[in-house]
Amino acid sequence: MVCRAALPAGAVEWSEASFGAAACHQHGDPFPEATRQSCVESAAVLLGAVGGDGPLPEGTRRPEAGLLDLRRELGTFANLRPVRPHPALLGASPLRAEVLAGVDLLFVRELTGGIYFGAKERTEDSATDVCTYTVTEVERIVRKAAELASSRGNRITSVDKANVLETSRLWREVTERVLDQEFPDISYEHALVDSMAMHLLSRPSKFDVIVTENMFGDILTDEASVLAGSMGMLPSASLGEDGGGIFEPIHGSAPDIAGRGIANP
């Protein structure tokens, strides 16, 4: 992880901090206190992949736990993932070139709520992960999506599972209220997450801004990397209320190709 602090006259100061699997081996935790302090004091965070090769030290938390802690600490509730296939990489996608023509998507994923941050319980016979969303959480991510859509095509697709999940019914109701009352110039539609997974590969050029909850966004954006030809081609910005944020690629650490000189930086 590299943290950036803004200085006077446009200067930039960089500092490095250990995070993820590397921090597990060096400090016994994926998000040690020194790293937390450095991130809090910086204007932005440039984050590398959190994974690693081989087993973690016994008793340490998983590297992904540090990622959730970082997002919570900085309040980065809005994850932006643009998907725009590069002409030189059309052949790298398994989809036909005509399917990829005109694809220019922006995913707006809610990043600090939902099942990833809900209460968890594990017994010998069962496991529970609680998914919770508040009205406030849905309002602010929908507003962010609408602000972004207003500078693009004025179109939003909201993805949920409202035919089954109560959290998705709340999501849909709040989305409609916010867009109808605050952004009347933006057209919107709803899509169920399972059908959206199909449409994303069969007619991706029909969508513009896609807003969705935490887990659905995680899955759909990984799927969308197929459109760009590689998961390594998708950038990610996680933003909070007060500027700054976390900036990263969405790929893993790929330890299987480390040192072989075949990764394209």
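Helix H6 (residues 166-182) buries Thr167, Ser168, Trp171, Val174, Thr175, Val178 and Leu179, where buried means under 20% relative accessible area, exposed over 50% and partly exposed in between, with a 1.4 Å probe and protein chains only. Seen down the axis of H6, these buried residues fall within an arc of 130°, so they line one face of the helix; the arc is that of the directions from the helix axis to the C-beta atoms. An α-helix has 3.6 residues a turn, so residues three or four places apart point the same way. On the face of H6 turned away from the buried side you will find the exposed residues Glu166, Glu173 and Gln181.

A word on what you are looking at: this is a predicted model, in which local features need pLDDT of at least 70 and side-chain atom pairs count only at pLDDT 80 or more, while totals for chains, interfaces and linings use all residues. Residues are numbered from 1 along each chain as its sequence is written, and side-chain values use heavy atoms, with hydrogens and water left out.

Back to H6, whose 17 residues reach 24 Å from first C-alpha to last, close to the 24 Å expected at 1.5 Å a residue (1.5 Å times one less than the number of residues). Helices (H or I, at least four residues) and strands (E, at least two) are DSSP runs, numbered from the N terminus. The buried residues of H6 pack against strands S5 (105-110), S8 (155-160), S9 (187-192) and S10 (209-212), and against helices H5 (135-149) and H8 (214-228).

H6 supplies the largest share, three residues.

Now turn to the largest pocket, with about 540 Å³ of space; a pocket is an open set with protein on both sides within 12 Å along at least five of seven lines, and lining residues have an atom within 4 Å of a point. Of its 22 lining residues, Val50, Glu64, Leu67, Arg71 and Asp218 lie nearest the centre. Helix H3 (63-74), H8 and strand S12 (246-249) each supply at least two lining residues, and H3 gives the most, with five.

Key: Contact = heavy atoms within 4.5 Å. 1 Å grid on protein atoms, 1.4 Å probe; cavity = no way out; pocket = protein on both sides within 12 Å on 5 of 7 lines; lining within 4 Å. Points joined across faces, edges and corners; volume = space filled by probe spheres on them.
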